[in-house]
Amino acid sequence: MYRDLSKSYYLIPSTFRLPLAYERRQPISGLFAVSTFNLTFSIFVKSLLLMSYSMPITQRAELIDLARSLVAIQSYSGREEPAIRLAEKTMQALGFQDVLVDSLGNVSGRLGNGDQIVLLDAHLDTVAVEDAEQWTYPPFEGRIVDGVLHGRGSVDMKSAAAAAMYGAAIAHQKGWTEGKSVYVSCTVFEEDCDGENLRYLFADRSLHPDAVVICEPSNNQIALGHKGKAQVIITTKGVSAHGADPDRGVNAVYEMAEIIQRVAQTHAEIQPIDGLRGSMVLSKISSRAASLNAVPSSCQIYVDRRIIPGESEERVRSEMDALVFGKNATWTLDRMQRTAWTGKTFEYEPLHEAWKIDLDHPLTQACQQAFRTCLNREPEDYVFWDFSTNAVTPVRMEIPTIGFGPGDYRRAHMRDECIPIQELVDACGFYAQLIKAWS
Ligand SMILES: [Zn+2]
């Protein structure tokens with residue numbers, strides 16, 4: 001059920017005045033104006049002490065307030081409209097042009113009008129909360145305690161969405177979008193159907209970026225790629241017969257037994273490539289019989305295959321062919337049908353190759369430069385995500401893609417999901433610097 005839109009905006013400061021406010025750097029006495037934005041004095045002082053990326057005070061407060069407001073809006077996959085509307089309103093207030101809600105319900109906007117097209121992407125849907133009463137702080141309030149923002153989506157990935165919108169706005173204000181078109185997208189349904197959102201966004205906007213930044217949580221480290229995946233259903237067919245006379249039938253579970261052994265064997269034989277190893281696991285089994293007194297007429301298993309760079313889609317498809325070879329069995333991708341909040345129905349096909357960008361790629365180098373400028377140190381540690389993201393779509397289109405986002409991804413989807421405010425501020429600074437460095 002959708003939340004009342006008018007209630008969703010209550011945390012947004014009435015003086016939503018960036019980019020004008022950005023030009024008026026506040027003196028330190030402006031610190032007392034912070035109460036206007038519901039930040040406590042102690043949090044603010046701690047934030048100042050921890051600060052590695054410095055930002056004008058009013059703008060910093062607006063950025064934090066946007067992240068809080070987004071967290072305060074429940075936006076499970078398929079029910080993101082209030083969060084998307086807030087992002088739309090924010091982009092308009094920040095001076096984005098061509099702000100568009102597309103057919104799937106993503107919102108995106110542009111700053112700058114140059115030839116080089118960069119897209120910063122953050123999804124606004126979240127996984128559900130099933131245990132709200134066990135959270136230390138309410139999951140949909142956007143509460144800040146001791147400089148840490150708590151709530152579902154604070155890490156995955158509403159803080160990043162706020163940081164991307166403000167980072168692009170800062171870059172534009174500074175004149176760093178000269179010769180570039182910088183798009184920010186706030187996308188939907190990522191948790192169930194990663195990448196489908198960008199397929200619709202690119203088609204509806206006729207957009208083909210030169211570079212994409214996936215703002216998923218990476219502890220503010222540069223993420224060079226992630227594993228791919230294939231989610232497959234294998235079905236065996238049997239012949240039903242009375243349980244008292246089983247020899248008249250064919251048992252679909254017995255037919256599956258050898259396939260199960262092949263799954264385990266295939267997993268054991270997967271070889272590592274460059275220190276990474278793919279995997280295959282049977283994650284579910286079920287069978288159908290006319291009754292508990294009958295021979296099962298069908299059996300299904302669910303196979304989850306994680307793919308590393310160097311393992312192709314063709315290889316995975318032939319592995320699946322080999323699993324069912326010689327058996328009365330078929331395999332199929334676990335295609336899912338979903339309906340977006342706009343009412344549009346779409347299908348998701350869960351087969352994506354892994355991706356990895358080179359350390360010496362110009363996009364990686366632009367990230368390294370932004371990292372140094374913003375965080376005052378060398379980017380020594382790089383992340384390779386375990387999980388899949390919207391990157392699958394630009395990667396399939398052969399668009400250079402990289403990841404960087406605030407928050408610890410190990411806290412994503414967990415009870416008490418939370419993020420230090422300074423990480424969100426640093427990420428905002430990084431995005432601005434990256435726009436400057438990318439050419
Ligand atoms: Zn995510």
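This is a predicted model: local features need pLDDT of at least 70, side-chain atom pairs count only at pLDDT 80 or more; totals for chains, interfaces and linings use all residues.
Okay, the parts list. The chain has 13 helices and 19 strands. Now take the contacts between residues at least 6 apart in sequence: 79% of those join residues at least 24 apart.

Let's go inside. The largest nonpolar core holds 109 residues, and the ones touching the most other members are Ala161, Ala164, Ala168 and Tyr431. Helix 6, residues 154-173, gives this core its largest share, with 13 residues. The core also takes at least three residues from each of two domains: domain 1, which is 5-226 plus 354-437, and domain 2, which is 228-339.

If you skip its neighbours within four places in sequence, Ala164 is in contact with Leu120, Ala122, Val184, Cys215 and Tyr431.

Last stop, helix 9, residues 252-269. How far apart should its ends be? With 18 residues at 1.5 Å a residue, the helix should span 26 Å, and its end C-alpha atoms are 26 Å apart, so the two agree.

Which residues of helix 9 are buried? Those are Ala252, Met256, Ile259 and Val263. As for what covers them, the list includes strand 9 (228-237), strand 10 (279-288) and strand 11 (298-307), along with helix 10 (313-324) and strand 12 (329-333).

Technical notes
Residues are numbered from 1 along each chain as its sequence is written. Helices (H or I, at least four residues) and strands (E, at least two) are DSSP runs, numbered from the N terminus. Two residues are in contact if their C-beta atoms, placed from the backbone, lie within 7 Å. A nonpolar core is a set of buried Ala, Val, Leu, Ile, Met, Phe, Trp, Tyr and Cys residues joined through C-beta atoms within 7 Å. A residue is buried if 20 or more other C-beta atoms lie within 10 Å of its own, exposed if 12 or fewer, and partly exposed in between; C-beta atoms are placed from the backbone. Domain bounds come from an automatic or database domain assignment. The expected span of a helix is 1.5 Å times one less than its number of residues.
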